Amino acid sequence: MIRYKIRELVADKSKRDGRKITLSFLADQVGIQSSAMSKIANNTGYHTSVTTIEALCRYFECNIEDLLEYVAEDEITKN
């Protein structure tokens with residue numbers, strides 16, 4: 001499963017910028033609906049486009065591996 005690290009990135013950017021960044025604000029910045037951003041942030045198995053992934057990397061000024069991580073199925077069942 002691919003896990004999005006949105007919440008961690010939002011928390012880090014909020015701290016760096018000295019202001020709270022909401023998922024709705026992030027969705028506006030990236031150009032997707034708030035409901036889609038919520039699904040991505042909550043790791044509900046939502047599939048998104050490469051365009052959205054690129055926009056998120058651009059917004060957070062990060063590499064793709066900072067945004068996504070692969071979690072093996074056996075790791076998911078352990079939790």
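**Confidence**

The model is predicted. Mean pLDDT for the protein is 92. Of its residues, 94% reach 70 or more. Among the elements, helix H2 (residues 23-30) has the highest mean pLDDT, at 97. Helix H6 (residues 73-78) has the lowest, at 67.

**Aromatic pair**

The structure holds one aromatic pair. Its partners are tyrosine 59 and phenylalanine 60.

Tyrosine 59 is buried, with a relative accessible area of 15%. Phenylalanine 60 is buried as well, at 5% relative accessibility. Both values qualify because buried means under 20%. Tyrosine 59 has a further contact: lysine 13 lies over the face of its ring, 5.1 Å from the ring centre.

**Loop glycine**

Glycine 18 sits in the loop between helix H1 (6-17) and helix H2. Glycine 18 counts as exposed because its relative accessibility is 65%, and exposed means over 50%. Along the chain, glycine 18 and alanine 72 are 54 residues apart. Their C-alpha atoms are separated by 35 Å.

The accessibility values are set out here.

| Residue | Relative accessibility | Class |
|---|---|---|
| Tyrosine 59 | 15% | buried |
| Phenylalanine 60 | 5% | buried |
| Glycine 18 | 65% | exposed |

How values were computed
Residues numbered from 1 in each chain as written. Predicted model: local features only at pLDDT ≥ 70, side-chain atom pairs only at ≥ 80, totals over all residues. Heavy atoms only, no water. pLDDT = per-residue confidence, 0-100. Helix = DSSP H or I, 4+ residues; strand = E, 2+ residues; numbered from the N terminus. Phe/Tyr/Trp six-rings, centres within 6.5 Å; stacked < 30°, edge-to-face > 60°. Buried < 20%, exposed > 50% of the residue type's maximum accessible area, 1.4 Å probe, protein only. Lys NZ or Arg CZ within 6 Å of the ring centre and 35° of its normal.
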